[in-house]
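Let us take a walk through a protein together, one stop at a time. Have the model open so that you can look up each residue as we reach it.

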Amino acid sequence: MSTARVRRLRPRPVSVVAAVGVLLALTGCTSTGGPVERDTVVDVLRQDWRHVPGVTADDDGLRVAATGRSIVEQDGGGGQADPPLDLAGTHLSAPDDFRLGVAFTDVNGDATVAVSDAPPVIADEFRIEPAGVRLTLRGDDLRITVFDGRRAGDPTHPRPAHDEHVTVDDPEAELSVARTGDRLAVASGGRTVASLPSGDVFRSGALWLGLSSDAGSFRVRSFTAAAPAGDALSTAGPAVADAERSPDGLQALAARARPGFRIGAAVALGPLASDAQYARAFVGDFGALTPENAMKPQALSPRRGEYSFAEADALLDVAASKGIAVHGHTIAFSEAMPRWMRELPTDSAEERRSSARALLDYVRTVVTHFRGRLDSLDVVNEPFDPDQGTDLQDNVWLRVFGPTYPVVVSDAVHDADPDVAQFVNENGADVPGPRQDALRRLVLDTNARGGHIDGVGLQAHVYDLDTDAISADDLRTTLDDFGDAGLRVRISENDVTDDGGQEAQAEQYATVLGTCLRSATCVSYTTWGVDDRYDWWTDDGGGLQQGHDLLFDDGEPTPAYDAVRRVLAG
């Protein structure tokens, strides 16, 4: 969608009483005893930074270390940097003029502070850069990068609206970003080093803050925000905090139609934190959460032996606070792997043994960390040829453990959490045929060899109604066949194109959910996303395209949503 189409809601103010010592409204007195209103100041250093990867709070301020976070492409190439923002903690509401000041110490390599108009949109293979300012300090070189939020060109290589380097006199002097009227100014030690038009950079009135390092570490000894007297400045928490379960939502209808049946959605922390409509839609209508990207290997362990659970934990905390079940996604997967995992050596037996130890350490660490917080988990995701064949994908799991790698992964998961339900998730296996047969054989063989797979996830992506449509008869046969094999089924990633019109889209949604709901084998139904506002993909030329595949579009229910409601109520 165009930038103009995104309606960012102003964040809710956090009570000053609840943030004692954090938000200070400073006043004084005149010579005649009357009050003089002074600047409002926020001590950003004392805000909640617990769920920001690479950031640790201590008595001396904040310590920031590089995480190596990046988003790889489907073939494992690329590696778009993914620096974090404070999504689950505190951000600022500053609709008027403001000034942010930060001071770094003990900089080893580089130090970056980011101020964004909104969280980035994170897709499977890229990140859409939000409008904002990024200051990166390396020695006495200060790089000033400004993004205007325009969604043009290849999103994996975002082009800044302004990019310059300046030399600062004192690297430990305070750096500041200030908006005054329609101008932005960057200063070091009080000396302005850059001034430019503000344009639409901070038009949402929200300031989302991030601290990161590309390849080093640093400390933050001070971080403040201020607004001139009479201008608004307040702290704000994540939008999802105010969202409530709806007694008439989709999950409530499902519970009445079939107790224990879950209606879920894949979600991301960014829109849950920043978009009140998205948060209300998810919490109000859904009873199960699948992390879209936050539990994939590249997010949890960007570097070998190092783990970053902050954002995944934030999502699971949201689910726990709202009484929502969690389906983990995913352990063994050919995509979304960090470089260290993708490039583990496998040429010799000794190399394979060493690589096996690394992979199993990853499985044990991840599953143990989330133990008791997941209802179910994709232990293997998309094991087969992406071209809809029946051969196992060539990936590091296959090269290290051989064709029975699902047994090894399943055993390791079971050892770490024997109570989590295990699933193998696959696309293109929604209707009877060789691929579905191969999936069923893989799971049954895995269990025959000592695995613990409870069922399969059928993704049910309908990208083209001419080729991908799922009929009630085919899905009914599919569910019967898996049920006869003693396996459960999740409809795990359903989305449907609207290229054939919204009526056809709604009918397909109703067919898949209705057939699932009427089968004891089908235990849950999940859509791959909540709102089309965050549904983006790239075409063959690398250009951004917006999908219209989900139950909500720009905050409003679609005809497909109405069709799903009718199925659940009927």
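Predicted model: local features only at pLDDT ≥ 70, side-chain atom pairs only at ≥ 80, totals over all residues.

Residues are numbered from 1 along each chain as its sequence is written, and side-chain values use heavy atoms, with hydrogens and water left out.

Strand β3 (residues 55–58) and strand β4 (residues 61–65) run antiparallel and are joined by 4 bridges; two strands pair if DSSP finds at least two bridges between them. The hairpin goes from β3 to β4 through 2 residues. To see the pairing for yourself, find A57, which stands opposite L62 in β4.

Now move along to T112, which sits in strand β9 (residues 111–116). Is T112 buried or exposed? Its relative accessible area is 5%, so T112 counts as buried; the rule is under 20% for buried, over 50% for exposed and partly exposed in between, using a 1.4 Å probe and protein chains only. Contact means heavy atoms within 4.5 Å, and, not counting residues up to four places away in sequence, T112 touches F104, R134, L135, T136, G210, L211, S212 and F218. With T136, the side chain of T112 also forms a polar contact of 2.8 Å. A polar contact is a pair of N or O atoms within 3.5 Å; within protein, one must be able to donate a hydrogen and the other to accept it, and residues adjacent in sequence count only if both atoms are side-chain atoms.

The next stop is about empty space. Rolling a probe the size of a water molecule over the atoms shows where empty space is left. The search uses a 1 Å grid over the protein atoms alone: a cavity is a set of points where a 1.4 Å probe fits but cannot get out, a pocket is an open set with protein on both sides within 12 Å along at least five of seven lines, and lining residues have an atom within 4 Å of a point. Grid points are joined across faces, edges and corners, and a volume is the space filled by probe spheres set on the points.

By this rule there are 5 cavities of 30 Å³ or more. The largest cavity has a volume of about 50 Å³, and its lining consists of A114, V115, S116, E129, P130, G132, V133, R134 and F147. Both β9 and β12 supply at least two residues of that lining. By type, the lining holds 5 nonpolar, 2 polar and 2 charged residues; Ala, Val, Leu, Ile, Met, Phe, Trp, Tyr, Cys and Pro count as nonpolar, Asp, Glu, Lys and Arg as charged, and the others, Gly among them, as polar.

The second largest pocket holds about 510 Å³ of space. Of the 28 residues that line this pocket, A81, D82, P83, R134 and D214 are the closest to its centre. Strands β6 (80–81), β12 (132–138) and β13 (141–147) each give at least two residues to its lining.

Let us go on to N425, in strand β25 (residues 421–426). N425 is buried, with a relative accessible area of 0%. Its side chain makes a polar contact of 2.8 Å with the side chain of N381. Leaving aside neighbours within four places in sequence, the contacts of N425 include H329 and E382.

A cis peptide bond joins H329 and T330, with omega about 10°, and T330 lies in strand β23 (residues 325–333). E382 has a positive phi of about 50° although it is not a glycine. E382 is found in the loop between β24 (376–381) and α8 (396–401).

C516 is buried, at 0% relative accessibility. Among its contacts, leaving aside neighbours within four places in sequence, are R258, F261 and Y525.
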